[in-house]
Amino acid sequence: MSLFKGGKKLQMKLDDNDIVEKLNHKSDFDSRYWITAEDIFLLCNLFDLCIFASIMSIVCQFVGSWPLRLLLGIQALSLRDCSSFRNTTAVSLLRLRRSSSAKVLSLLHVTCYSTCSGIEYCSSSKRRSRGPVMAAKGKSEGEKQEDGKYKHTIDLPRTAFGLRANSVVREPEIQRLWDENQVFKRVAGRNTGGSFVLHDGPPYANGDLHMGHALNKILKDIINRYKLLQNFQVHYVPGWDCHGLPIELKGKFLQSMDQDARKELTPLKLRAKAAKFAKSTVKNQMTAFKRYGIWGDWDHPYLTLDPEYEAAQIEVFAKWPCKGISTEAGNQFIGVPHLELPLPRLNWRLVSAPTSCTVLDDFIANLGLAIWTTTPWTIPANAAVAVNSKLQYAVVEVDSNSVDINASSVDKEKRLGNVLKEHAKLHLVVALDLVPTLEAKWGVKLIVKTTLTGAELENCRYVHPIESRECPVVIGGDYITTESGTGLVHTAPGHGQEDYVTGLKYGLPVLSPVDDEGIFTEEAGQFSGLDVLGNGNIAVIECLDKNSSMIMVEPYKHKYPYDWRTKKPTIFRATEQWFASVEGFRNAAMDSISQVTWTPPQAQNRISAMTSSRSDWCISRQRTWGVPIPVFYHVESKEPLMNEETIDHIKSIISQKGSDAWWYMKVEELLPEKYRNEASNYVKGTDTMDVWFDSGSSWAAVLAKRNGLTYPADLYLEGTDQHRGWFQSSLLTSIATNGDEVGYFVTLYTNVSGKAPYYGVITHGFVLDERGFKMSKSLGNVVDPRTVIEGGKDQKDSFGADVLRLWVSSVDYTGDVLIGPKVLRQMSDIYRKLRGTLRFLLGNLHDWKADYDVPYTELPMIDQYALFQLESVVKNIKESYDNYQFFKIFQIIQRFVVVDLSNFYLDVAKDRLYVGGNTSPTRRSCQTVLAAHLLSIVRVIAPILPHLAEDVWQNLPFPFTAEDGHTANFVFESRWPVLNERHLAFPEEEVNFWGTILEVYLRASDVGLVSRLVDMCASENDADTLHRIFLTSQVEILPSLENVSEDDIPCTGEYLMENNNKVWIGVSRANGLKCERCWNFSLQVSTYDDHPSLCGRCHSVVSQPIPALAAAS
Ligand SMILES: [Zn+2]
């Protein structure tokens, strides 16, 4: 067994109130020599060992005014052993913080960051030696005069960089600094590495921003800023989606208006109000985005309401394959105000049957089809009666003797129709199964005369009961059952989805004589002007009864679907719609999907599935606030007029005057010269385009039009819901108008054919609260980005934009992400520690000049090792940026900068930095390493934490000259740190040694390692000596424990490692006396006549002439 014996002295900064409290009750010892339980953890962290709580209790009871000594007994512990329990460390540490009696596993020092995994929010606080600082501070606070005797020889950190972020004030200051110096524009313009275009998906301009917006824009900004550092010419044009119904409604002006005021509101007035609202929302959202620290071309954003944008959109519309866009009937909801409706059962006279159907021959003279409907107002639009081919139908004779003509007097609402009273031998076709039900319902006896299948009824013809046109019997779908009604279904393709589909199959006319307000149009003839659900409905029933086409009417509580917006019942009405066919280029779209890089990769499956299954795209909307579909209709024939010439003419008008022109200009002005004489024969179409067509055209309106941008873009980045939305609409418009499998009106982009508008697509999830619930006002769990940044009303808990950005970097955005007060406090904590580390680096470089750089070969091993670690970290961070895996960067930074660097290298460095003498080679070599760390860390965190990085940069105590020779006045002028292969080439065996020295890696059998450690105890290079690395006064390696007296070592503990390896650590008093200057214990103290209170090292430092700089402190 090998054994270390170390003498150690510890001074703590006691910011743990409990311990301070405890110490205040013990006046008989010097609190500066006290060790806390946390320090024991920290020591264990340093040595990377398992420790039992028992050792803690021993040390915690250890009271005295003498320095703690540390003895380490170590048995075989290999690096592999350590790595095998790495995964448990974070968990254990968390447990430890709650209960000191828990078994403790230490934090582990990971030497190779590419292997590190797992997020560790709980970092150990730094409680290591800070002797000289405290000594100096003690002096400045007027304590014992002697303590300050050598104060002026100590180099304390010095910087104006604040410990507190003060983000409410400082971040806007930094943003102004960037603006005034046009940093983004200048750097992007000067970079030479080619262009990088992330195309912004336009948020909807109708309200305040929420956390989803923040996540989206910050992710984009991290990427853009990273690319900027990578020497790319970054072009980012933010956009807004400004048209559509929600904005039309959102202005509140529309809903709150009464009927008269609404009539006053002409389309142009409404459009002006909507535009005003959208523009003011854009302004507000822009201010918020800028406050997040988002860089972009804010002076020239793209708005879908801009005339040039609208013109480009018209162009995309024009280029859609000729046959692709067509008018067809589709179904649409309109809101109507009534609920209760009569329910009639009707019969319609059959006039002919196909020759194959002879079974009806005997009855055809007076045979009716009995149908049932809840929507009598749709009868004028009837085009067929549908039957189920598999059902059995019966021809029944109504037994006229059984008709109770007084039935109506019993129930005023329920009455029999004239037809039952008039026809002596009325025959009706009904479903066989329903005969008994109908007998009961109608109160008449029905005699079954014959039966036939639904299939036999197909192509029989009947006369429409109102309009006397002939209509067919058709085979409907499985929706026709014998559960209710008569088994025969009135079919009006203009008023129902199923009917519409049936109508398509049989080529039935799509009739829909109802307008937007639910009023019969002139097409409805005698019913024109009547409200379909009011008097119109009643008029239809009366008309039917008069025509002997009604069997019975009874009241019925109708279950209409409600319109979510107006909260009113809705009816179906078919309107002429414009459809963009997807069929012609679906394969091209699918091909292009496979060419795109999707992040995460499974996104490809989602968009593939959605694209392969999507039906034709209905691109018309019966709204006012949008881009018009540039079509004219012939007044008489209703034929649309739309061709390359007409569209081109309208496009040029819109590009100058905006789409309002469509509403205020006359037809003859909107038509090209050639058609002007015929202008009186045409009217303008009133439909606008689906807003997805607006935003889906952004590649044409922005990417293909603006200088510096490229089509396709390098990247699109939006929420996962955009697979169905913007990703897809952009893809379809791009493929449809540039693909070479279909014909066009025009082909503008000859160099591109059928490409997706993006090379890469990143999707992110939704933002949920800390417990994984959707945020909602009613749950009170909404986290507002503005409140996070600026705090509540009194600016309490203002975290600043950087903490919000740090959170964005910390989450795996490919799934749903969580945020809440707890998460934000963790982020704030990490931010604070990171800031502290950077401040330490800045402070210790206050007297640094680039000339002082110590050549690599002259650096102590510990410094070379530190540079190797830094270089590895930077390399891994770059890889993670390139793969858009920011959470890995967060983990690396958190572990390396916040935990490891502070706990080891910087901690060990303090001795050299503060008391090593300000011109000593070891201080200079340490500063060489610190400068490398500062310059690398500040640049690699800059994309995520730009304000912090710039704050550091503005406080750099030395100018930074970039590789190309220019001075970087701003952090983003500095470019990404150049990979230093030499630093990475630190020999592997040395990496292992230095990595494992932190883990007290030692094999009992490995004589070579033991002897190397023995050598290090007396290293000529003061920086590499073992006692400095362990922050002990002395390190002694003993061959065994046999000669160790328990009395000499009051604090001992044995730790069981994995594989039953034992580690023994003891802490005892160091030999010699305390050096007044550096507080290390040394046998040399009291041996110098001129400076009796100093150790050998300090004696040599103070014996040298003192530079003015140090003296000034
Ligand atoms: Zn000393």
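The protein has 41 helices and 37 strands, taken as DSSP runs numbered from the N terminus (helices H or I, at least four residues; strands E, at least two). The model is a predicted one, in which local features need pLDDT of at least 70 and side-chain atom pairs count only at pLDDT 80 or more, while totals for chains, interfaces and linings use all residues. Residues are numbered from 1 along each chain as its sequence is written, and side-chain values use heavy atoms, with hydrogens and water left out.

Of the 1113 residues, 58% count as buried, where buried means under 20% relative accessible area, exposed over 50% and partly exposed in between (1.4 Å probe, protein chains only). Contact means heavy atoms within 4.5 Å. Among contacts between residues at least 6 apart in sequence, 77% join residues at least 24 apart.

A nonpolar core is a set of buried Ala, Val, Leu, Ile, Met, Phe, Trp, Tyr and Cys residues joined through side-chain atoms within 4.5 Å. The largest one has 147 residues, and W807 and Y905 have the most contacts inside it. Not counting residues up to four places away in sequence, W807 touches M211, L215, V767, V817, L818, I819, V823 and M827. Another core, of 63 residues, lies apart from the largest one and includes V237, V316, F317 and W320.

Two helix pairs are described next. Axes are lines fitted to C-alpha atoms, for helices over the stretch in contact, and angles run from 0 to 180 degrees between N-to-C directions. Angles under 35 degrees count as roughly parallel, over 145 as roughly antiparallel, 65 to 115 as roughly perpendicular and the rest as oblique. Helices α31 (residues 861-882) and α34 (residues 921-941) pack with axes 10 Å apart, at an angle of about 10°, and are therefore roughly parallel. On the α31 side, the residues in contact include L867, L870 and V874, which belong to a set that meets V929, A932 and I937, among others, in α34. The residues of this contact divide into 12 nonpolar, three polar and one charged; Ala, Val, Leu, Ile, Met, Phe, Trp, Tyr, Cys and Pro count as nonpolar, Asp, Glu, Lys and Arg as charged, and the others, Gly among them, as polar.

By comparison, the axes of α7 (residues 167-180) and α35 (residues 946-954) come within 10 Å and cross at roughly 75°, so this pair is roughly perpendicular. Here R170, E171, I174, Q175, L177 and W178 in α7 meet P946, H947, E950, D951 and Q954 in α35. The contact of α7 with α35 holds four nonpolar, three polar and four charged residues. In the loop between α6 (131-140) and α7 lies N166, whose phi is positive, near 50°, although the residue is not a glycine. N166 is partly exposed, with a relative accessible area of 42%.

Strand β22 (residues 597-599) holds W598, which is buried at 6% relative accessibility. W598 and V761 are 163 residues apart in sequence, yet their C-alpha atoms are 5.0 Å apart in space. Beyond its neighbours within four places in sequence, W598 is in contact with I593, A603, Q604, I607, Y758 and V761. In the loop between β22 and α21 (603-613) sits P600, and the peptide bond from T599 to P600 is cis, with omega near -5°. The peptide bond from Y711 to P712 is also cis, with omega near 0°.
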